[in-house]
Amino acid sequence: MISIEMTLFLIGGDAEAGALVEGGIEVLARRQAKEALPLVAGTVKRKKKKVADAVAPEPRRARAEARRQANRRATGSDGMKRCEYCGTEVRDGAGAPNSREFDHVVPWSRGGGSGPDNITVSCRTCNRSKGAKTTK
């Protein structure tokens with residue numbers, strides 16, 4: 001499927017914003033006039049999926065259930081939560097080097113999801129130093 005993303009360039013015109021056109025030609029009308037202006041510039045983009053097959057993307061932030069499961073896995077027999085990378089005790093407060101953060105094991109930028117199997121508890125230091133790297 002090929003879609004054409006159009007951007008309208010007008011000097012002194014009062015047109016609506018550009019449009020995403022899928023097949024055919026779309027014409028924009030001026031807000032207060034009856035005449036129409038053709039779209040004059042655009043780029044061609046190839047899509048891998050049909051629009052009908054598109055699914056809303058998973059949110060980047062881990063949902064409550066994924067965070068609960070990560071907390072359960074990180075809680076040791078002594079009842080303390082520990083970083084799953086370095087083993088230091090993590091605290092619930094923000095900003096400290098050992099504060100608890102939820103991390104994507106496979107980074108979001110590399111296609112990792114926000115499901116319970118990809119979310120883990122880490123200390124701030126490990127999470128920030130890991131960045132977009134994988135642990136595998």
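Predicted model: local features only at pLDDT ≥ 70, side-chain atom pairs only at ≥ 80, totals over all residues.

Me: OK, what does the side chain of H104 reach?
Reply: The backbone oxygen of R60, at 3.1 Å.

Me: And where does H104 lie?
Reply: In strand 6. Helices (H or I, at least four residues) and strands (E, at least two) are DSSP runs, numbered from the N terminus.

Me: Is H104 buried or exposed?
Reply: H104 is buried, because its relative accessible area is 13%. Buried means under 20% relative accessible area, exposed over 50%, and partly exposed in between (1.4 Å probe, protein chains only).

Me: Which residues does H104 touch?
Reply: Not counting residues up to four places away in sequence, H104 touches R60, G113, S114, N118, I119 and K130. Contact here means heavy atoms within 4.5 Å.

Me: Let's zoom out. How many helices and strands does the protein have?
Reply: Two helices and seven strands. Starting at the N terminus, the order is β-β-β-β-β-α-β-β-α.

Me: What share of the residues is buried?
Reply: 24% of the 136 residues. The protein exposes about 9,500 Å², and carbon and sulfur atoms supply 52% of that. Those areas come from the Shrake-Rupley method with a 1.4 Å probe; for residues, only the protein chains shown count as cover.

Me: How much of the contact set comes from residues 24 or more positions apart?
Reply: They account for 51% of the contacts with a separation of 6 or more.

Me: On to the pocket. What volume does the largest pocket have?
Reply: About 350 Å³. On a 1 Å grid over the protein atoms alone, a pocket is an open set of points where a 1.4 Å probe fits, with protein on both sides within 12 Å along at least five of seven lines, and lining residues have an atom within 4 Å of a point. Grid points are joined across faces, edges and corners, and the volume is the space filled by probe spheres set on the points.

Me: Which residues lie nearest the centre of the largest pocket?
Reply: R60, F102, D103, H104 and N127, out of 15 lining residues. Strand 6 (100-104) and helix 2 (124-130) are the elements that give two or more residues to that lining. Strand 6 gives the most, with three residues.

Me: How does the lining of the largest pocket split by class?
Reply: Six nonpolar, four polar and five charged residues. For the classes, Ala, Val, Leu, Ile, Met, Phe, Trp, Tyr, Cys and Pro count as nonpolar, Asp, Glu, Lys and Arg as charged, and the others, Gly among them, as polar.

Me: What joins the side chains of E101 and N127?
Reply: A polar contact of 2.6 Å. E101 is in strand 6, and E101 counts as buried because its relative accessibility is 13%. The residues that E101 touches, leaving out those up to four places away in sequence, include T120, V121, R124 and N127.

Me: Now strand 7. Why does I119 count as buried?
Reply: Because I119 has 1% relative accessibility. I119 lies in strand 7 (residues 119-123). Beyond four places in sequence, I119 touches A62, A66, F102, D103 and H104, among others.

Me: What about C123?
Reply: C123 lies in strand 7, and at 3% relative accessibility C123 counts as buried.

Me: Where is P97, then?
Reply: In the loop between helix 1 (64-74) and strand 6. P97 counts as exposed, at 55% relative accessibility. Leaving aside neighbours within four places in sequence, P97 is in contact with C123, R124 and T125. P97 and R124 are 27 residues apart in sequence and 5.3 Å apart in space, C-alpha to C-alpha.

Me: Last one: is D117 buried or exposed?
Reply: Exposed, with a relative accessible area of 72%. D117 is in the loop between strand 6 and strand 7.

Note on methods:
Residues numbered from 1 in each chain as written. Heavy atoms only, no water. Polar contact = N/O pair within 3.5 Å; in protein donor to acceptor, adjacent residues only side chain to side chain.
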